[in-house]
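Please find below some remarks on the structure under review.

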Amino acid sequence: MSLLMNCLRGSLGNRAGFNAFSAKAILSRSIATDGPSERSLDPSTTNNFKPATGVLLMNMGGPSKLSEVEDFLTRLFSDSDIIPLPFQSVLAPLIAKRRTPKIVGQYGAIGGGSPIRSWTQKQGRLMEQLLDKISPNTAPHKSYIGFRYAAPLTEHALEEIKKDGVRRVVAFTQYPQYSCTTTGSNLNELYRRLQTLDADGTIKWSLIDRWSTHPKLIKAFTDRVQAALNEYSEEERDKVVILFSAHSLPMATVNRGDPYPAEVGATVDRVMASLGYSNPYRLVWQSQVGPSAWLGPQTNDALKGLAKQKQKNVLLVPIAFTSDHIETLYELDHEYCNEAKQLGITGIKRAESLNDSSFFVEAMAEAVKENLEKETLHSPQFPLRCPGCTNETCGKMRDLFMNQ
């Protein structure tokens with residue numbers, strides 16, 4: 001979502017056999033090859049492979065190469081769940097075309113495209129392998145990627161699921177904290193595509209629609225934060241100010257009753273509790289745009305304030321993202337860290353994103369295992385729409401997934 005803001009500026013159950021060692025062993029083997037999982041290395045095995053359970057990994061996505069940027073932006077600006085526009089079908093491609101050169105430059109600065117697809121593929125492969133070991137009753141498992149604005153899109157994932165003949169799928173949001181603008185948008189799109197691609201309802205669905213306080217997710221974040229803190233000297237370490245940064249929302253969205261701010265806050269509190277509340281910290285928000293009110297304080301404003309207070313050591317922690325993409329590699333690393341240094345915050349650092357963390361892979365596998373074992377259709381929060389919701393699709397989407 002913070003890419004959108006950049007654009008607009010110019011315009012768990014039985015755990016037998018499930019432990020850190022097994023996840024790390026799988027992770028090490030996969031990273032060593034940096035390629036497909038063992039299951040997909042043999043073409044004959046791939047042709048005969050029939051998954052029993054699918055896991056649809058949902059996220060915003062990002063252009064893998066510069067030539068995909070304009071299409072990505074067009075889909076993003078066409079999404080009324082994230083930014084309602086008058087005459088949206090007309091304005092969206094015009095805004096996208098105008099903003100493409102600037103955003104191409106930003107993606108060029110981080111290597112020529114977003115790494116979110118490659119990270120999601122790797123996370124999915126590692127999760128599959130671990131799931132097959134810890135949940136043999138639902139094996140074999142296969143992950144599918146359903147991005148909202150970039151390939152592979154939701155409809156592409158559904159077509160692959162249908163082709164594979166999978167009848168049981170867990171829709172698993174890769175946004176740990178629920179927002180109508182992120183997970184809500186992905187689920188609304190999934191609902192719309194199912195009306196034509198699975199009109200007879202042959203696929204049985206369940207949702208992991210939020211997982212902001214999952215113990216292994218908290219452990220993964222804590223591990224990254226602690227590793228970054230360890231880069232400071234012992235004399236400095238306990239005085240480092242931790243800024244947990246998440247993308248902001250317009251206050252109009254927050255006031256409608258979006259649960260996102262509370263869920264991000266819950267993640268932050270659990271991480272700090274795991275650290276023993278060892279450091280001063282704040283939750284800050286990226287990417288405000290325009291004159292209307294947004295959730296704050298903004299990350300760059302917080303850095304300016306800390307610089308005035310003569311704080312020299314600040315650790316930025318991306319707390320609402322599960323892998324590197326433009327919001328971490330460009331906005332945090334390039335914009336905010338450089339600005340902080342110019343302000344005199346010489347000890348600015350950024351905690352590593354979760355990416356291929358073994359704890360994160362365990363969190364993914366454990367969350368899916370629990371969902372399948374307990375036959376959980378959705379979280380307890382899912383049936384409740386925002387008190388101020390006026391989007392009819394949100395209601396229809398919930399009716400579908402609550403009645404599987």
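1. The structure is a predicted model. The remarks that follow should be read with this in mind.

2. The largest cavity. The volume of the largest cavity is about 120 Å³. Its lining comprises 14 residues, and those nearest the centre are Asn59, Met60, Tyr175, Phe321 and His325. Sorted by class, this lining contains six nonpolar, seven polar and one charged residues. Domain 1 (53–212 + 358–403) and domain 2 (215–350) each supply at least three residues to the lining of the largest cavity.

3. The second largest cavity. A volume of about 50 Å³ is found for the second largest cavity. Ten residues line it, with Gly61, Tyr107, His325, Ile326 and Glu327 nearest its centre. Five of the lining residues are nonpolar, four are polar and one is charged. The second largest cavity lies between domain 1 (53–212 + 358–403) and domain 2 (215–350), because both domains give residues to its lining. His325 is named among the residues nearest the centre of the largest cavity, and His325 is also named for the second largest cavity.

4. Cysteines. How many disulfides does the structure hold? The count is zero. Cys180 takes part in no disulfide, and its nearest cysteine sulfur, that of Cys386, is 3.3 Å away; the cut-off for a disulfide is a pair of cysteine sulfur atoms within 2.5 Å. Cys394 is likewise in no disulfide, with the sulfur of Cys389 as the nearest cysteine sulfur at 4.1 Å. Are these two residues buried or exposed? Cys180 has a relative accessible area of 13% and is therefore buried, given that buried means under 20%. Cys394 counts as buried because its relative accessibility is 10%.

5. Cis peptide bonds. Ala139 and Pro140 are joined by a cis peptide bond with omega of about -5°. Pro140 belongs to the loop between α7 (116–134) and β2 (141–147). A cis peptide bond also runs from Gly296 to Pro297, where omega is near 5°. The loop that holds Pro297 is the one between β6 (281–286) and α14 (299–308).

6. Positive phi values. Tyr277 is a residue other than glycine with a positive phi, near 50°. The loop between α13 (260–274) and β6 contains Tyr277. With a relative accessibility of 43%, Tyr277 counts as partly exposed. Asn355, again a residue other than glycine, has a positive phi near 45°. Asn355 is located in the loop between β8 (347–350) and α16 (358–373). Its relative accessibility is 2%, so Asn355 counts as buried.

7. Asn279 counts as buried because its relative accessibility is 6%. Which backbone oxygens does the side chain of Asn279 reach? One is that of Arg237, at 2.7 Å. Another is the backbone oxygen of Val240, which lies 3.0 Å from a polar atom of the Asn279 side chain.

Methods
Residues are numbered from 1 along each chain as its sequence is written. This is a predicted model: local features need pLDDT of at least 70, side-chain atom pairs count only at pLDDT 80 or more; totals for chains, interfaces and linings use all residues. Side-chain values use heavy atoms; hydrogens and water are left out. On a 1 Å grid over the protein atoms alone, a cavity is a set of points where a 1.4 Å probe fits but cannot get out, and a pocket is an open set with protein on both sides within 12 Å along at least five of seven lines; lining residues have an atom within 4 Å of a point. Grid points are joined across faces, edges and corners, and a volume is the space filled by probe spheres set on the points. Ala, Val, Leu, Ile, Met, Phe, Trp, Tyr, Cys and Pro count as nonpolar, Asp, Glu, Lys and Arg as charged, and the others, Gly among them, as polar. Domain bounds come from an automatic or database domain assignment. Buried means under 20% relative accessible area, exposed over 50%, partly exposed in between (1.4 Å probe, protein chains only). Helices (H or I, at least four residues) and strands (E, at least two) are DSSP runs, numbered from the N terminus. A polar contact is a pair of N or O atoms within 3.5 Å; within protein, one must be able to donate a hydrogen and the other to accept it, and residues adjacent in sequence count only if both atoms are side-chain atoms.
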